[in-house]
Amino acid sequence: MQKSAKLVPGVTLDLIEKIPGRLNDRRTPLGELNWIFTAITDTIAWNVLPRDLFQKLFRQDLLVASLFRNFLLAERIMRSYNCTPVSSPRLPPTYMHAMWQAWDLAVDICLSQLPTIIEEGTAFRHSPFFAEQLTAFQVWLTMGVENRNPPEQLPIVLQVLLSQVHRLRALDLLGRFLDLGPWAVSLALSVGIFPYVLKLLQSSARELRPLLVFIWAKILAVDSSCQADLVKDNGHKYFLSVLADSYMPAEHRTMAVFILAVIVNSYNTGQEACLQGNLIANCLEQLSDPHPLLRQWVAICLGRIWQNFDPARWCGVRDSAHEKLYTLLSDPIPEVRCAAVFALGTFVGNSAERTDHSTTIDHNVAMMLAQLINDGSPVVRKELVVALSHLVVQYESNFCTVALQFIEEEKNYTVPSPANTAEPGNLTPVRDSPAIPRLRSVNSYTNIRAATTARNLNKSLQNLNLNEEGGPAAFSPGNLSTSSSASSTLGSPDNDEYILSFETIDKMRRVSSYSSLNSLIGVSFNSVYTQIWRVLLHLAADPFPEVSDLAMKVLNSIAYKATMNARPQRILDSGSLTQSAPASPTSKGTHIHQAGGSPPMPSTSSSSLTNEVPKPPTREQTSTRPPYTPTLGGQAPHSHQFPRTRKMFDKGPEQAGEDGDEPGGHRNYICPALQTGLCDWSAKYFAQPVMKIPEEHDLESQVRMERQWRFLRNTRVRRQSRGITQRGVSRLDDQIFINRNPGVPSVVKFHPFNTCIAVADKDSICFWDWEKGERLDYFYNGNPRYTRITAMEYLNGHDCSLLLTATDDGALRIWKNFADQKNPEMVTAWQGLSDMLPTTRGQPSSSAHSLARRVSIYLDRSKQGGAGMVVDWEQETGLLMTSGDVRVIRIWDTDREMKVQDIPTGADSCVTSLSCDSQRSLIVAGLGDGSVRVFDRRMGPNECRVMTYREHGAWVVKAHLQKETDGHIISVSVNGDVRFFEPRTPDSINVLQTVKGLTALDIHPQANLFACGSMNQFIAVYNANGDVISNIKYYDGFMGQRIGAISCLAFHPYWPHLAVGSNDYYMSIYSAEKRLR
């Protein structure tokens, strides 16, 4: 008062007693002052007191809160009279807090109006306090850095929500604050935001809808425990109306359906309330929405509402929900396919009584899901295993019967081993060198099987007829693995833990196709169990370890139960399995959880093309930043586009690794709550900032700087190498690198821009720095031991590179973090070709026959022979062309992680080489019968073959399509004839003859050079006219040691460098003369 007397003359103590208004009416002077006082004391207490003490004193009881507000005021006023209020225990002092000055100003502004209000009756002017505090909060949001103290105005923002005047602005700022991340949500909840935003759900104002939905999505993404409060206050109805409102933008409907998915998650009351609110019909209407994130969450929401809640399942059946979800199984976005699999999995996973009708539906759903067996995304396949495990739990007795039958068949059937029929000379040299180093342990392979476990990944689902190439694959010894007795003696880690080892499962998968099990495939429903068992056998041999681990758990669970039971039906006749009585439901309570208890949980994994975050050695955990820039146009800040939650090739959520030292018996029980953590992982998206510019688009971020550096380096490499190749290369025999590789090189690949070269042997990859001459890395690729790596490609070589490896069983694996000090990590893996056939070489003319036969010994260093798998990568479009010992060229879209097209080759022999040109949409394939075929992928499968050249008499070693608009096709056969074709003319325009007995050949894309490697231990390099410019027969130094038989060679895409791998383990690189370089 003393201070105020100078500022506000004419105010006396009597006047203060006459401040008009009521304490509980915020529109009057007295009510407004009380409101401001509440806001200021809350703010001071929240900023000074520990959080739990603030909750206790200011949020749990209104009377206690009022008492302590007055205590804070008393401390301030009484200290000026030399009195000190005390509390026990003692509270931190608050009398010097800066917010008291704001209180003084608010009081002064109110008092200054008193004389005129009382004497003249003028209208009261409201205090600018709240508007100013909101501005201060806005400044904190826009100007601050990330690591700083929380904004002290947060409790005031909460009070402002009570005012209709400022409510819209306060909600907008609150939304922007919550978007900063989970820490901001936790702070807001600690202030006591919950009852305020819960009460606002009763408001009917349309302009608040987007803001409230955004705020609630942020809260529930961090703390989902408030489902009960929402349902109790009928809050779910608000979000149901938002979801049903077709005028709401898709982003807001997405957030609404996410909120509803949290409300119904494992909460029976919420499921009932939302079922009555017509949630299922609303969701089904939005399944075809163009917004992918909405489709994904609609499917997850459906999966959760009928999870263990039979009324919702039957409501779904009446609305044909499962049939409507089928369309999402072929959605272009992997997360949407995954969510659809989750929804269908919980649809069949209910444990209520089974009728004939529900059993029929379960079987239909199971057969639809089985079609995803070769989906390109491991996340989808993981979810598929979990969905099928629900079915296995429901029809356990049926699956036990099938399992026993398969185990019987496997025991009774002896598989011929190709090891006995292998030709001499076809075998890979044994790695007996003492200098072979230990392989790097691979991070994401903490649970991978040892390299010795034999599992055949020939992916024909024999009787299920899911192989896209047509009917069931023919049985051939080429498809079989080495005998299981040989591999089981090698100490597979699984033999102790699982009843069914990989060898057994592998053998079971093959036996099933040609055994008496065929008699089980009748018209009855029971054949479904046999077919789903086959699908699970197939998934147990998946190239992605997490998928195969899940499938192994399911299979071993059933095998364990089948063998431990009294075995009432050990061997069944075909009739005993074909009655159509529904299976007895198994109650979930009868299952014993795994030792260790909890179901697998996800970690924050988003291994992406651009993330190069160093990994801790235990388990990969990368950031889950959404991958794309929100459009920062003139939109309201809460309407930003929702990007995909997963970047390209993301593995998705992870299961926690098993301890591995548990007793064997416990591992074999399937946990009924087996899950991948898909929903929790997807929900993390809403907890992440959506309005923040992603790092890669922030001009000053390290990620952006590194990318700019890489692009400058790439430009320099292109410019300098072009200068050399334009001057012309007259010799190419200067040896700039030589080293002994740990295994016989089978594929070599230069990195296009840095000094790294990848050298693959049968099942591992070695990285060398060819400039420094040192080894950077060596790790195991993870392919079964009877398969070999037959192709490699660098993806995104211009930026954060990934390495793709292809093996001759049709599996593709993509790696990151290689060739540096981090642990190599598998980004993704999938079955690129599902039915690799045994080799079918063309029948060349008799004169060429013996030569081709001898060359084949060097070309095929595996027991199967054949071309293996060949690939070509199209960087501009993200398409991957794959072929090999199959009759199709399969095109994969790596962004969508799905097969786009199958082009039939129309030949009866394998594809040995692929080359594509995105500008002209052409694909050129060289084949084992000597033909070169040109395909235009824009045309239909029957007319896309636009040209066939049959001028070669033998196996085509290489077919290359030049990338220019009028580029020619260059093809070479083992006979050494190089032919040039113009794609529009039926005959070759030029023929050159090179060395006979060709085993490897490459063509330099820039320098008009091609190099031939011969089984006769030399390399010849030719220019475009067919003149030999270099003949290399001996290594430099090394006392002139003779080069071994050439196993592979490759040119650098830009520099005039030629890498050569030979059967004597050596890997050398040759370049143009030094003066040129």
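Author: Let's start with Arg381, which lies in helix α23 (residues 378-394); helices here are DSSP runs of H or I, at least four residues, numbered from the N terminus. This is a predicted model, where local features need pLDDT of at least 70, side-chain atom pairs count only at 80 or more, and totals for chains, interfaces and linings use all residues. Residues are numbered from 1 along each chain as its sequence is written, and side-chain values use heavy atoms, without hydrogens and water.

Reader: Is Arg381 buried or exposed?
Author: Arg381 counts as buried because its relative accessibility is 1% (buried means under 20% relative accessible area, exposed over 50%, partly exposed in between, with a 1.4 Å probe and protein chains only).

Reader: What does Arg381 touch?
Author: Leaving out residues up to four places away in sequence, its contacts include Asp375, Asp542, Phe544 and Trp830 (contact means heavy atoms within 4.5 Å).

Reader: New topic: how many residues of α14 are buried?
Author: In helix α14 (residues 235-244), 7 of the 10 residues are buried, among them Tyr238, Phe239 and Leu243.

Reader: And which helices do those buried residues pack against?
Author: The buried residues of α14 pack against α12 (209-222), α13 (227-232), α15 (250-263), α16 (268-276) and α17 (279-285).

Reader: How do α19 and α22 pack?
Author: Helix α19 (residues 310-318) and helix α22 (residues 356-370) meet at an angle of about 70°, with axes 12 Å apart (axes are lines fitted to C-alpha atoms over the stretch in contact, and angles run from 0 to 180 degrees between N-to-C directions).

Reader: Which residues make the contact?
Author: Arg313, Trp314 and Val317 of α19 meet His357, Ser358, Ile361 and Asp362 of α22.

Methods. Helices (H or I, at least four residues) and strands (E, at least two) are DSSP runs, numbered from the N terminus.
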